[in-house]
Amino acid sequence: MSAEEKRRGEDVEDGGPGLVYMPFVIMEDLLDKLRLLDYEQNFCRERNLKPISRHYFAIPTNPGEQFFMFTSLSAWLLRKAGKNFEQPQEYDDPNATISSILDEVRKYQHSIDFPPSKLKQGCGEHCIYVLDRLADEALKNTHFSWSRPEYPEEEMDEENIVEDDAELTLGEIEKTMMQTYNDDEEFEEEEQILDLEGLKKRSQKQQDIESSKPEEILESTTDAADWKLEVERVLPQLKVTIRTDNKDWRVHVEQMHQHKDGIESSLTETKTHLDKLQNEITRTLEKISSREKYINNQLEHLLGEFRGAQEQLSESKERYRQASRGVTERSRLLGEVTEELERIKMEMEDRGSSMTDGAPLVKIKQAIQQLKKENMQMEIRCGVVEHILLQAKLNDKTSQNKEVHRNQTDNFDYSAY
């Protein structure tokens with residue numbers, strides 16, 4: 001197990017807050033490895049594909065497109081790693097393609113601790129992990145190695161090529177001047193304060209310095225040509241540049257004077273050009289105004305005719321507008337009359353068809369026959385009802401007669417016999 005895999009396992013176990021962003025970091029490393037393998041030229045251009053972004057497999061966008069890119073890129077990396085792996089096609093079984101890719105990854109002794117279904121999405125940390133492992137194997141197969149870094153040489157002007165110790169700033173010069181000034185003041189004060197003993201010591205020092213000086217003139221044994229070459233070699237390093245401090249008021253004053261001189265010199269040059277330009281513009285405007293007056297005078301009668309034509313045109317437009325309004329009203333009335341005429345024609349057609357058609361007459365005859373049948377049935381029913389009523393009346397009358405006869409019989413006096 002490589003150090004990167006161990007680090008990945010430790011991050012998973014720790015579960016720190018940065019674990020969510022690890023796929024983005026690994027994806028950026030993967031993109032750098034792909035660029036080292038020149039995938040833009042050898043992979044993208046051959047298949048007319050766009051180069052992937054640095055977070056392409058870390059963020060889900062289009063699952064189908066990302067899965068196809070994942071399988072194609074995996075197959076290309078396997079071929080780069082020395083394996084004979086066929087390019088996956090769109091109609092291939094995704095499960096078979098994923099299993100074949102994972103088998104090749106396992107052959108490189110890389111652990112696969114996730115189900116193959118995680119790769120069907122075409123994005124996520126598992127897809128990035130597989131591609132990263134395959135990119136490592138491809139780099140190993142191509143014998144890639146880091147070369148020593150080459151730092152670009154900074155070209156500087158000859159005036160600025162000086163040693164750091166030789167560069168002086170304006171503040172350092174002022175400090176040196178102030179130190180010299182203070183030393184002179186102290187020396188003057190010492191001259192005023194020194195007594196005879198001090199004068200003796202000073203004279204003794206001067207004598208010691210004079211005795212240390214060489215009595216004979218020194219002569220150099222160096223060749224003049226070598227001396228000139230050495231001077232030319234160290235001359236750029238002996239130049240002293242003064243670094244100006246932008247906060248110093250003297251610099252600002254000097255800049256103000258320089259800008260003022262530049263403005264005055266530019267003003268004297270541009271003022272003449274501006275004056276010439278003003279004169280030319282003035283003459284051109286005068287010519288234009290005179291030409292305009294001449295054209296107005298020449299075209300005055302044509303302008304009058306044009307105005308009259310415009311007035312006639314406006315009058316004609318007004319008449320046309322009024323006529324159009326009348327035509328619109330008449331068109332509306334014509335439409336209404338046409339609709340009424342169509343309605344009347346339809347009514348006439350309906351009546352004519354009803355007059356010539358014998359179906360209504362047949363229906364009337366059938367209705368009359370039906371009425372006759374119903375009338376006969378009604379008469380029969382009425383006769384039956386009358387017979388029933390008559391029989392009831394007769395029965396009622398017979399019962400009444402029997403009752404009267406019974407009453408008379410009961411009231412007959414048999415004593416008279």
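## A tour of the predicted model

Start by selecting Gln 109, which lies in the loop between helix 5 and helix 6.

**Tyr 108 and Lys 83**

Step back to Tyr 108 and show Lys 83 with it. The charged end of Lys 83 sits over the ring of Tyr 108, at 5.3 Å from the ring centre.

**Aromatic pairs**

Next, display the aromatic side chains. How many aromatic pairs does the count come to? The count comes to three aromatic pairs. One of them is formed by Tyr 56 and Phe 57, and it is edge-to-face, with 4.9 Å from centre to centre and 90 degrees between the planes. Tyr 56 and Phe 57 are both buried.

Now select Phe 114 and Tyr 129. Their ring centres are 6.4 Å apart and their planes stand at 85 degrees, so this pair is edge-to-face as well; the angle that decides it is over 60 degrees. The pair links distant parts of the chain, with the two residues 15 residues apart. Phe 114 is in the loop between helix 5 (94–107) and helix 6 (125–141), while Tyr 129 is in helix 6. Phe 114 is buried, and Tyr 129 is buried too.

**The cysteines**

Stay in this region and select Cys 123 and Cys 127. How many disulfides does a search of the whole structure find? The search finds zero. Cys 123 is in no disulfide, and the nearest cysteine sulfur to it, that of Cys 127, is 6.4 Å away. For Cys 127, likewise in no disulfide, the nearest cysteine sulfur is that of Cys 123, at 6.4 Å. A disulfide would need the two sulfur atoms within 2.5 Å.

Are these cysteines buried or exposed? Cys 123 has a relative accessible area of 7% and is buried. Cys 127 has a relative accessible area of 0% and is buried as well.

**Ser 74 in helix 4**

Select Ser 74, in helix 4 (residues 63–80). Ser 74 has a relative accessible area of 0%, so it is buried. Show its neighbours: leaving aside residues up to four places away in sequence, Ser 74 touches Ile 101, Leu 131 and Leu 134.

Move to Val 25, in helix 2. Val 25 is partly exposed, at a relative accessible area of 40%. Draw a distance from the C-alpha atom of Val 25 to that of Ala 58: the two residues are 33 residues apart along the chain, and these atoms are separated by 9.4 Å.

Then select Asp 38, found in the loop between helix 2 (22–36) and helix 3 (39–47). Which value of phi does Asp 38 have? Its phi is near 60 degrees, a positive value in a residue other than glycine. At 37% relative accessibility, Asp 38 counts as partly exposed.

**The whole chain**

Zoom out and colour by secondary structure. The protein chain has 12 helices and two strands. Along the sequence the pattern is α-α-α-α-α-α-β-α-α-α-β-α-α-α.

Switch to a surface view. The protein chain exposes about 34900 Å², and carbon and sulfur atoms supply 54% of that area. Buried residues make up 16% of the 417 residues. Of the contacts with a separation of 6 or more, 66% are between residues 24 or more positions apart.

**Confidence**

Finally, colour by pLDDT. The protein chain averages 78, and 74% of the residues score at least 70. Residues 1–6 have a pLDDT below 50, and beyond near neighbours in sequence this stretch has nine contacts in the model. Select residues 186–195 next: pLDDT stays under 50 there, and the model has three contacts for this stretch beyond four places in sequence. Where pLDDT is low, the predicted coordinates should not be read in detail.

Notes
Residues numbered from 1 in each chain as written. Predicted model: local features only at pLDDT ≥ 70, side-chain atom pairs only at ≥ 80, totals over all residues. Heavy atoms only, no water. Phe/Tyr/Trp six-rings, centres within 6.5 Å; stacked < 30°, edge-to-face > 60°. Buried < 20%, exposed > 50% of the residue type's maximum accessible area, 1.4 Å probe, protein only. Helix = DSSP H or I, 4+ residues; strand = E, 2+ residues; numbered from the N terminus. Lys NZ or Arg CZ within 6 Å of the ring centre and 35° of its normal. Contact = heavy atoms within 4.5 Å. Areas by Shrake-Rupley, 256 points an atom, 1.4 Å probe, with all protein chains shown as cover. pLDDT = per-residue confidence, 0-100.
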